[in-house]
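Q: Could you walk me through this structure, one feature at a time? I would like to learn how to read each kind of feature before we look at the case at hand.

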Amino acid sequence: MTYNILIAGFGGQGILFAGKALAKMGMNEGLYVTWLPSYGPEMRGGAANCSVVLSDTEIGSPLVPEPDILISMNIPSFDKFTPKIKPGGTLFADCSMIDKKCTRTDINAYYIPASALASDNDLQGLANVVMLGYFLKVTGIFDYDKFLLDITSGIPASRANLIEGNKKALAIGYAYEG
Amino acid sequence: MSVVFDRPSALTDTLMHYCPGCTHGIVHRLVAEAIDELGILGRAIGIAPVGCSVFAYNYFNCDMIEAAHGRAPAVATGVKRARPDCIVFTYQGDGDLAAIGTAETVHSATRGENITIIFINNCIYGMTGGQMAPTTLPGQVTTTSPYGRSPKIQGNPIRMCEMLATLDGVAYAERVSIDTPANVRRAKKAILKAFRNQIEEKGFSIVEVLSTCPTNWGLSPVEALTWLRDNMIPYYPLGVYKDIDKKEGDMK
Amino acid sequence: MPKVLMKGNEAIAEAAINAGCLHYFGYPITPQTEISEYLAKRLPKVGGVLIQAESEIAAINMVLGASAAGVRAMTSSSSPGISLKSEGISYLVGCDLPAVIVNVQRGGPGLGGIQPSQADYYQATKAYGHGDMRLIVLAPSTVQEMATLTGEAFDLADIYRTPVIILADGAIGQMMEPVDFSERKPREIPPKDWACTGHGGTRKRNIINSLMLDPEALEKSVRERFERYKKIEETEVKYERFMTDDADIICVAFGIASRICKSAVTAAREKGIKAGLLRPITLWPFPKAAIAEAANTAKAFLSVELSMGQMVDDVKLACECRRPVEFFGRTGGVLPSPAEVTAKIEAIAAQL
């Protein structure tokens, strides 16, 4: 079992964080994991993406040129990476940011207005976690409760409000009916 | 009979390689006397980079490191940060300290590294045979300024003590000379203070010593001392440029 | 000890502290700045010192000073910054001083780019400084190895009194993987009785110096150093073999390129091609004997690098013209895809 996951969007959308959350969960589940970010000036407000590989065998290349799963949080990354999804692969798109649908018929596409759900629920900056909630429900890769514990356990007590926010965001994504 | 004059224990018995009339020997002795008088030989670490004093590791009787050209203050930083209880000094020439190593000098000074720098300014590159130094005076003839240094062509000399005195990290900057016995005594006092400052953890201390290079100036030792007095001191005035122990008005 | 998810650069920093390195001197440059940022946070808490130097030149000379004073010291940079350090590296060698120098490579020449590269292979293995000299060069390919090889680098540096280079790249530096810091066992280190610590009147003074104007004396000191290099070549070669036993085509790759090759080799095997991977972990000493031995059974070699082809020369030398040695590489910061490498393996297989 190997999942090659690409998460892409704008800098500031929590793209790298979402990737780290998946990698860390994978590590805690005893999987081999790699997390490789795009880096450099493009990190500052421009495009951001990261490759996450989760596998039960040793990982060779950490690059994900052809993802099994693409999580796209904006139009440029949707346009750039949707054609690269492996046939039979899966697309997750934030349809409050992306006003178009994928025309490919050989992949499974899931749409969630993650950014709108986040702002409607006073969860600014947590569209990524809303997306992860939806991702968990659709893929079933990780157990919801374990994942919730995992992403909130890294938050220091001084920022306890973030724990509630993350919890709520994950729940909204998980409950979303596409 | 009591011994009234002897070789400082901070100097080895090695015969020095300096040219006749060169004042490096005097300054070496002053540094060694200061080390002896402060009783710090056992914890002194000297750093001599490239220049005429590159062999200083043969002359000083303490642990010694030979550094790359210009890099002594950086090496001294590394030593001092690793061994804060040691007394770390560099012994650098003008090309080393004020040309190739300017960045290392300025930044160790502004960081306030608790080290002691002995800076030999003789307005010329001695070791390589008389080329223009950053401190070569306007009009001064060297092998690479054969028509005399022209500020328009070769640029102006640099006054290091004045420049370093503007930095917050500098505890003490004084320019001295060794052209007369009285000035040698003043130089000794300054060198002692620069070491004592380090012992008292006051920060960066530099003593610039105006020195002669009879060989490359093409003068006799005595003529060289006169030349220093007549030409160098007017351009590089002697005095204290920074002393955190003193108020501004007390300087010089 | 539980595994932690870390960037390669951070793993180097933490491993350095674990190895007892409390003195770091550096200058910011992408893509390795996390090393100094991490150490800037951690070192003050463990009684260490970090100085952000005025230049790479100053930083390497601060390393020289700290090392001369007998403590473990490190600097890190990326390609253009490493070029600036080359003077100091040569002096470290000439003074027989241990030090660990990390190069998280980016594309060049000149200011180049900031994406991963392996184009400093020649520089690292042949000419990191002027003069007759060698350096131990370690090439990690995982974040775990960033940690273990950093600890190993400090031990090797102290045992052989030589600078040791960790030749990483932007990809391994920036990527995160689980790492376990208890994995490495420290080696026995000889006492540093040569260090400048202040003689305290109890021993002869120590002199750290690389100047020797007498040619005979200089030759003697260089020859002595090369005796040490010989011992390193005999005892410290490290490499990994992956499916090479029956392989017709053996890829040779290090660092991030070896990861890509592993995927390509697996893909080639699925297509019925007997491919394998030989991964040098020490680039100097280079695993010459391992490649020569592999040449007894393999029909061809393929050197895969993030450059226009540098290590390929050493693979050829190790093969001694007995087998064809092909090259595939991408440069300028472009990472080859496993599919590209697989295609090259297929093309070679078609000609066998």
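A: Gladly, and let us begin with a term: a residue is called buried when its relative accessible area is under 20%, and exposed when it is over 50%. Please keep in mind throughout that this is a predicted model.

Q: Then let me apply that cut-off: is Cys123(B) buried or exposed?
A: Cys123(B) has 0% relative accessibility, so it counts as buried. Its place is in the loop between β4 and β5 (124-125) of chain B.

Q: What is the phi of Cys123(B)?
A: First the general idea: most residues other than glycine have a negative phi, and most peptide bonds are trans. Cys123(B) has a positive phi, near 65°, although it is a residue other than glycine. Glu320(C) also has a positive phi, near 50°. Glu320(C) sits in the loop between α11 (311-319) and β15 (325-329) of chain C. With 59% relative accessibility, Glu320(C) counts as exposed.

Q: And which residues are joined by a cis peptide bond?
A: Gly108(C) and Pro109(C) are joined by one, with omega at about 5°. Pro109(C) belongs to the loop between β5 and α5 (121-126) of chain C. Trp284(C) and Pro285(C) are joined by another, with omega at about 0°. Pro285(C) is in the loop between β13 and α10 (288-294) of chain C.

Q: How should I read confidence here, and what is the mean pLDDT of chain C?
A: As a general rule, where pLDDT is low, the predicted coordinates should not be read in detail. For chain C the mean pLDDT is 97, and 100% of its residues reach 70 or more. For the model, the scores are ipTM 0.93 and pTM 0.95.

Q: Let us turn to sheets. What is the order of the open sheet of 7 strands in chain C?
A: In chain C the order is β3-β2-β4-β5-β7-β6-β13, with mixed pairing. At the edges stand β3 (49-52) and β13 (282-284) of chain C; each has a single partner strand, so one side of each is left without a neighbour in the sheet. From one strand to the next, the twist averages 20°. Helix α3 (residues 56-68) of chain C packs on this sheet, touching β2 (23-26), β3, β4 (73-77) and β5 of chain C, and its direction makes about 165° with that of β4(C).

Q: In which sense do β5 and β7 of chain C pair?
A: Strands β5 (residues 99-105) and β7 (residues 163-169) of chain C pair in the parallel sense, over 7 bridges. Within that pairing, Ile101(C) is opposite Ile165(C) of β7(C).

Q: Which strands make up the open sheet of 8 strands?
A: Here the chain letters deserve attention. The order is β9(B)-β7(B)-β8(B)-β4(B)-β3(B)-β1(B)-β2(B)-β9(C), again with mixed pairing. Its edge strands are β9 (239-243) of chain B and β9 (207-208) of chain C, each pairing on one side only. Inside the sheet, β1 (residues 44-48) and β2 (residues 63-66) of chain B pair in the parallel sense over 4 bridges, with Ile45(B) opposite Asp63(B) of β2(B). Helix α1 (residues 24-38) of chain B lies across β3 (87-93), β4 (116-121) and β8 (204-210) of chain B, at about 170° to β3(B).

Q: How many residues are in the largest nonpolar core?
A: In general, nonpolar side chains in soluble globular proteins tend to be buried together. The largest core here has 150 residues, and those with the most contacts inside it are Ile65(B), Met74(C), Phe301(C) and Ile345(C). Helix α6 (residues 143-160) of chain C gives the most to this core, with 9 residues. The core also draws at least three residues from each of domain 1 (4-199 + 213-235) and domain 2 (241-351) of chain C.

Q: What is Ile65(B) in contact with?
A: Beyond its neighbours within four places in sequence, the contacts of Ile65(B) include Ile45(B), Val75(B) and Val79(B), together with Leu64(C), Ala68(C), Cys196(C) and Ile208(C).

Q: Finally, which chains share the most contacts?
A: Chains B and C do, of the 2 pairs of chains in contact. No contact joins chain A and chain B, whose closest C-alpha atoms lie 28 Å apart.

Conventions
Residues are numbered from 1 along each chain as its sequence is written. Chains are lettered from A and ligands numbered from 1 in the order in which they are written. This is a predicted model: local features need pLDDT of at least 70, side-chain atom pairs count only at pLDDT 80 or more; totals for chains, interfaces and linings use all residues. Side-chain values use heavy atoms; hydrogens and water are left out. Two strands pair if DSSP finds at least two bridges between them. Helices (H or I, at least four residues) and strands (E, at least two) are DSSP runs, numbered from the N terminus. Axes are lines fitted to C-alpha atoms, for helices over the stretch in contact, and angles run from 0 to 180 degrees between N-to-C directions. Contact means heavy atoms within 4.5 Å. pLDDT is the predictor's confidence in each residue, from 0 to 100. A nonpolar core is a set of buried Ala, Val, Leu, Ile, Met, Phe, Trp, Tyr and Cys residues joined through side-chain atoms within 4.5 Å. Buried means under 20% relative accessible area, exposed over 50%, partly exposed in between (1.4 Å probe, protein chains only). Domain bounds come from an automatic or database domain assignment.
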